[in-house]
Amino acid sequence: RYQFPLHPPSTMPGPKSGRKHAPKPLLRVVVRRLPPQIPEEVLLNVLAPFKDHFSKFSFIVGDPTLGSNCFARCYMKFDNQQNLALFHRAFNGHLFRNKDGEEHRAVVELAPNQKIGSHRKDPSMNTIEKDADYLAFVEKLQEETEAAPLVSAEEWSKRKTEQTEQVTPLQEYLLQRYKQQKEKQSRKKREFERKKERERTARDKRTAVADKKQAKPDARKAKQDGKRDVKQATKKKKSSSVDKKQAGGAKGPIKLATRTPASEAASATATATT
């Protein structure tokens, strides 16, 4: 069960050496997980039995933007640790139930910040109308307004247009930077296109070389096939001529005419007569 600490935890740093006084007791508490829309008057009525034992009460309404974590809370400072312990035993886990039936159980804890800020109002609040510098500024502004000549609506519009068309140094810088960025983008685009063109050219070149290498064996093979066909045709022709010779030799030997001196003389006589 959770035990409410009456003294600072042992993990907290103790008093520095040389100090004679003991650490201050922890007396400021925070009550969390209260109904988000509970009125402050209702909460004070619930806390009425302990109203004589605490002071510096502050109430914070729940923030609706937190959704399911929307809870109200309050802070208070007790006069001593005994009353603080009694309040913890009595109020920690106190059940709140609204008209819709929603239930909320309060959680009493030591406040993370035991120091209480000053609630004094700034003495200069709502005194600007009495400030000397402000009054001098208003007076000077009125004098300038009265001394300024009246201008027509057309002239005022013309002046406004001239002021609008005037380019300030900041606008020049932004325009120059925009142009540089556009130029850089266009340069990157051109470089990318050139790179793609180089890659496409190299790819086409590699394809052409591969096609050429593939075409060489085909031409060599065709040449070899042609030579083989010629050899086969020559061989076939030779074999056919041999077959013809063999066929002629089968009919009988070929007789050759022999020329004698008598036949040569008869031939010469017949030629002279003619």
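This is a predicted model: local features need pLDDT of at least 70, side-chain atom pairs count only at pLDDT 80 or more; totals for chains, interfaces and linings use all residues.
Author: Residues are numbered from 1 along each chain as its sequence is written, and side-chain values use heavy atoms, with hydrogens and water left out.

Reader: Why is Lys184 called partly exposed?

Author: Buried means under 20% relative accessible area, exposed means over 50%, and partly exposed lies in between (1.4 Å probe, protein chains only). Lys184 has 44%, so Lys184 is partly exposed. Its place is in helix H5, residues 169-251. Helices are DSSP runs of H or I with at least four residues, strands are E runs of at least two, and both are numbered from the N terminus.

Reader: What makes a patch of positive charge on the surface with Lys184 in it?

Author: Patch residues have over 30% relative accessible area and no salt bridge; like charges are joined within 9 Å, and nonpolar side chains (Val, Leu, Ile, Met, Phe, Trp, Tyr) within 5 Å. A salt bridge is a side-chain nitrogen of Lys or Arg within 4 Å of a carboxyl oxygen of Asp or Glu. Lys and Arg count as positive, Asp and Glu as negative. Lys184 passes the area cut-off because its value is 44%. The patch also includes Arg187, Lys188 and Arg190.

Reader: Which residues gather in a patch of negative charge?

Author: Glu139, Glu143, Glu144 and Glu146 do. Glu143 lies in helix H3, residues 132-147. Glu143 is partly exposed, with 47%.

Reader: What makes the phi of Asn126 worth a remark?

Author: Most residues other than glycine have a negative phi. Phi of Asn126 is near 60°, a positive value. Asn126 is in the loop between strand S6 (107-110) and H3. At 75%, Asn126 counts as exposed. Lys56, in strand S2 (residues 54-60), also has a positive phi, near 55°.

Reader: How many residues are in the largest nonpolar core?

Author: A nonpolar core is a set of buried Ala, Val, Leu, Ile, Met, Phe, Trp, Tyr and Cys residues joined through side-chain atoms within 4.5 Å. The largest has 21 residues, including Val31 and Phe91. Its largest share, four residues, comes from S3.

Note on methods:
Accessible areas come from the Shrake-Rupley method with a 1.4 Å probe; for residues, only the protein chains shown count as cover. The place of a charge is taken as NZ of Lys, CZ of Arg, CG of Asp or CD of Glu.
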